[in-house]
Amino acid sequence: MEKLNRKSQGLEKKFPIKVVQFGEGNFLRAFVDYAFQRLNKEVDFNAGIAMVQPLKDGMVHLINDQDGLYTLFMNGIKKGEKIQDIELITNIVKAINPYTEFADYLSLAKEEELQFIVSNTTEAGIEFIESDTPDMQPPVSFPAKLTVLLYERFKHFNGDASKGLTIIPCELIDYNSETLKKYILQYCDLWKLADSFKTWVSEACTYHSTLVDRIVPGYPRAEIEEYNSKLNYQDNLIVAAEPFFLWAIEGGDDLKQKLPFHKTDLNVKIVDDIRPFKMIKVRILNGAHTAMVPCSLLHGNKLVMETVNGDFTGKFVNSVIGEISETLDMDKNEILAYTEEVMDRFKNPFIKHALADIALNSISKFKVRVLPSLLGYYKAKAKLPTNLTFSLACLIQFYKGTWNNEALPVKDSPEIVEAFKNDWQLGTLDSVVTLVLSNTDFWGEDLTKIKGLSEAVVLALNEIEANGIENGFVNFANTIKVSQTV
């Protein structure tokens with residue numbers, strides 16, 4: 001079977017670069033790149049994408065090995081029938097590692113037809129690192145890298161306002177575009193860049209917060225032979241996703257003109273306010289994902305589908321969603337309908353979504369996706385939510401790094417991993433819990449101030465270590481129920 005490349009597919013003509021994309025992972029390839037491909041096919045949008053690897057270790061070399069080509073499999077159930085759509089993604093023009101190809105990275109700023117910046121650097125990606133400087137090749141943080149690129153474009157085009165860019169971050173944090181813009185302006189001040197550039201950043205560039213929704217398990221390792229049997233070429237970058245697609249973007253008529261998704265049937269909503277879309281999605285779908293991961297991995301599961309179909313873990317996920325739902329100030333029928341849809345998506349037999357993949361950066365994810373529900377429940381009911389509190393305990397247990405003498409798939413920043421390592425070496429659960437919950441770098445606040453939370457988490461951890469996840473949860477739930485009703 002021949003190797004996948006542009007020559008073998010008769011695709012040697014490339015699109016002009018209109019999009020610079022920070023991130024080369026599975027989600028962006030199955031979501032944003034697919035969306036722009038639909039524009040290219042259906043409205044002759046003629047947009048090529050340049051990928052930028054945001055971290056030192058990445059996979060742009062694999063993407064370049066296939067000339068930017070890869071296959072997207074969209075698998076699901078429609079009206080009771082299994083469906084599978086296969087699409088060869090062809091709009092990636094180049095992929096750049098700025099850590100080894102910094103000059104090539106800067107050259108993107110000079111692209112005449114460049115219009116859009118998109119990103120997904122995970123919740124931990126949009127951060128301000130004060131030690132970043134403009135002469136680093138490249139700076140560490142994504143906002144600093146972007147500031148350098150914008151400044152290069154500003155200088156190259158002599159501050160031409162028409163060369164400003166439309167910036168559309170897809171990270172799952174509140175006000176993602178506003179936060180990104182704030183950090184860019186902070187770098188302008190820190191680096192003492194020209195006031196005229198600061199004005200250009202603020203006025204010539206536009207910033208649009210987003211909500212993205214599609215489950216993307218990524219490379220179908222367990223079924224790769226079956227997937228390859230449906231292709232007439234060898235693809236090392238196959239990505240699997242569900243058919244469901246929602247991209248809500250804040251913007252007005254100007255953005256609709258720039259991004260004419262209304263001329264396609266793709267579910268892209270350009271709206272005045274994405275908050276209603278974001279609240280229900282981040283809290284229920286992403287919140288359930290993040291809350292289930294440590295509990296289910298410690299229970300011995302590997303996949304989301306396995307988790308929601310399990311007698312114990314399935315009931316646990318349903319109860320987690322029930323607690324989350326009680327904190328949402330939205331129409332109850334709308335919440336119920338969305339919850340049922342989410343559970344159907346979790347049970348999609350085609351989607352082999354590995355819990356270990358969702359575990360990436362679990363601390364920042366828990367802070368954004370789960371903690372607001374836990375605290376909201378406590379505030380509304382003056383008691384702790386049993387399942388969400390147990391999930392927090394499981395998270396702390398997970399970050400110990402081992403369970404039953406086996407390594408756990410902890411994937412986070414070296415600083416967070418080291419902090420947990422040091423905390424767990426103290427030996428006593430009370431000390432571990434106090435240090436973890438009081439770490440404001442993790443949570444943005446001191447959680448030991450939440451009445452009863454430290455004691456409940458210690459109780460849960462004691463039960464987990466003594467009796468395992470399932471029996472430990474039953475004992476914990478019975479004890480906390482009694483303690484909170486006395």
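This is a predicted model: local features need pLDDT of at least 70, side-chain atom pairs count only at pLDDT 80 or more; totals for chains, interfaces and linings use all residues.
Residues are numbered from 1 along each chain as its sequence is written, and side-chain values use heavy atoms, with hydrogens and water left out.

Six strands form an open sheet with parallel pairing, in the order E5-E2-E1-E6-E7-E8. Helices (H or I, at least four residues) and strands (E, at least two) are DSSP runs, numbered from the N terminus. Two strands pair if DSSP finds at least two bridges between them. Strand E5 (92-96) and strand E8 (206-207) are the edge strands, and each pairs on one side only. E5 is joined to strand E2 (residues 48-52) in the parallel sense over four bridges. Within this pair, Met51 has Ala95 in E5 as its bridge partner.

Helix H6 (residues 142-156) lies across strand E1 (17-22), strand E6 (116-119) and strand E7 (166-169). Contact here means heavy atoms within 4.5 Å. H6 runs at about 155° to E1. Axes are lines fitted to C-alpha atoms, for helices over the stretch in contact, and angles run from 0 to 180 degrees between N-to-C directions.

Most residues other than glycine have a negative phi, and most peptide bonds are trans. The peptide bond from Gln137 to Pro138 is cis, with omega near 5°. Tyr175, a residue other than glycine, has a positive phi near 55°.

A three-stranded open sheet has the order E9-E11-E12 and mixed pairing. Its edge strands are strand E9 (210-213) and strand E12 (268-271), each pairing on one side only. Neighbouring strands of this sheet are turned by 10° against each other on average, direction ignored. E9 and strand E11 (residues 246-250) pair in the antiparallel sense over four bridges. Leu211 has Ala248 in E11 as its bridge partner.

Helix H11 (residues 275-299) packs against helix H16 (residues 362-369) at an angle of about 145°. The axes lie 9 Å apart. H11 passes H16 in a left-handed crossing (the near helix is turned anticlockwise from the far one by less than a right angle; clockwise would be right-handed). From H11, Val282, Arg283, Asn286, Gly287 and Thr290 take part in the contact. They meet Ser362, Lys365, Phe366, Val368 and Arg369 in H16. The contact residues divide into three nonpolar, four polar and three charged. Ala, Val, Leu, Ile, Met, Phe, Trp, Tyr, Cys and Pro count as nonpolar, Asp, Glu, Lys and Arg as charged, and the others, Gly among them, as polar.

The structure holds one cavity of 30 Å³ or more. On a 1 Å grid over the protein atoms alone, a cavity is a set of points where a 1.4 Å probe fits but cannot get out; lining residues have an atom within 4 Å of a point. Grid points are joined across faces, edges and corners, and a volume is the space filled by probe spheres set on the points. The largest cavity holds about 30 Å³ of space. Its lining consists of Ile215, His289, Val304, Met305, Arg345, Phe346, Ile351 and His353. Helix H12 (304-309) and helix H14 (332-346) are the elements that give two or more residues to this lining. Five lining residues are nonpolar, two polar and one charged.

Notes:
On a 1 Å grid over the protein atoms alone, a cavity is a set of points where a 1.4 Å probe fits but cannot get out, and a pocket is an open set with protein on both sides within 12 Å along at least five of seven lines; lining residues have an atom within 4 Å of a point.
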